[in-house]
Amino acid sequence: MPQLKLYYIDFPEQQMQYDVGTIQINNDNLTVQNAEICRILNAESYDIADYSDEISILVDDAGFYKSGLPIWKIHTPDGQTLELIGKLLFVRNIETEYSTDFTDIRAEDIFNFRIGMEIELLGMKK
């Protein structure tokens, strides 16, 4: 069964501490992939934010309407500022003939996140 490796950053309200790591999801097809991502985000659907040309951040598309989720401020490598709410999932982008698909996050990506990502927890959504 094909797997997709994601990197996540979260700050669960009940734990009040950072939760960071990798997770592998079932990647049999696009329907299964989307269902797995939604399950991890505890969402019905998700939005895609560009962190860089190679990396996307997946986040609950209804996070702004939910309470108890972390509010993040992220400065991207190209100088953009993103404000996102909820658990963050990082994936690599791969260009195909018809679309952009997701592929595994790499160890060097995670290393670069940990030493250079400009991310700030602004608070919790009430």
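In the protein chain, the mean positions of the 10 positive and 22 negative charges lie 7 Å apart. Lys and Arg are counted as positive and Asp and Glu as negative, while His and the chain ends are not counted; each charge is placed at NZ of Lys, CZ of Arg, CG of Asp or CD of Glu. The structure is a predicted model, in which local features need pLDDT of at least 70 and side-chain atom pairs count only at pLDDT 80 or more, whereas totals for chains, interfaces and linings use all residues. Residues are numbered from 1 along each chain as its sequence is written, and side-chain values use heavy atoms, with hydrogens and water left out.

### Overall architecture

The protein chain contains two helices and nine strands, arranged along the sequence as β-β-α-β-β-β-β-β-β-α-β. The radius of gyration of the protein chain is 14 Å, close to the 14 Å that the globule rule gives for 126 residues, so the chain is as compact as a globular protein of that length. This radius is taken over C-alpha atoms, and the rule is 2.2 Å times the number of residues to the power 0.38. Helices (H or I, at least four residues) and strands (E, at least two) are DSSP runs, numbered from the N terminus. Along the principal axes, the C-alpha atoms fill a box of roughly 40 × 30 × 25 Å.

Of the 126 residues, 44% are buried; buried means under 20% relative accessible area, exposed over 50%, and partly exposed in between (1.4 Å probe, protein chains only). The chain exposes about 7400 Å², of which carbon and sulfur atoms supply 46%. Accessible areas come from the Shrake-Rupley method with a 1.4 Å probe, and for residues only the protein chains shown count as cover. Among contacts with a separation of 6 or more, 53% join residues 24 or more positions apart, a contact being heavy atoms within 4.5 Å.

### Strand pairing

Strands pair if DSSP finds at least two bridges between them.

| Strands | Bridges | Bridge partners | Residues between strands |
|---|---|---|---|
| S3 and S4 (55–60) | five bridges | Ala-49 and Ile-57 | four residues |
| S5 (70–75) and S6 (81–85) | five bridges | Ile-74 and Leu-82 | five residues |

Both entries are hairpins. In the turn between S5 and S6, Gly-79 has a positive phi of about 95°.

### Backbone angles in loops

Most residues other than glycine have a negative phi. Met-16, located in the loop between strand S1 (3–10) and strand S2 (19–26), has a positive phi of about 50°. Asn-42 has a positive phi near 55° and lies in the loop between helix H1 (30–41) and strand S3 (46–50). Asn-42 counts as exposed because its relative accessibility is 64%.

Arg-92 belongs to strand S7 (residues 88–95) and is buried, with a relative accessible area of 12%. Beyond its neighbours within four places in sequence, Arg-92 contacts Glu-54, Ile-55, Asp-101, Phe-102, Thr-103, Asp-104, Ile-105, Arg-106 and Asp-109. From C-alpha to C-alpha, Arg-92 and Gly-123 are 27 Å apart, with 31 residues of sequence separation.

Thr-22 lies in strand S2 and counts as partly exposed at 41% relative accessibility. Not counting residues up to four places away in sequence, Thr-22 touches Lys-5, Leu-6, Tyr-7, Tyr-8 and Ile-110. Thr-22 and Leu-89 are 67 residues apart along the chain, and their C-alpha atoms are separated by 9.1 Å.
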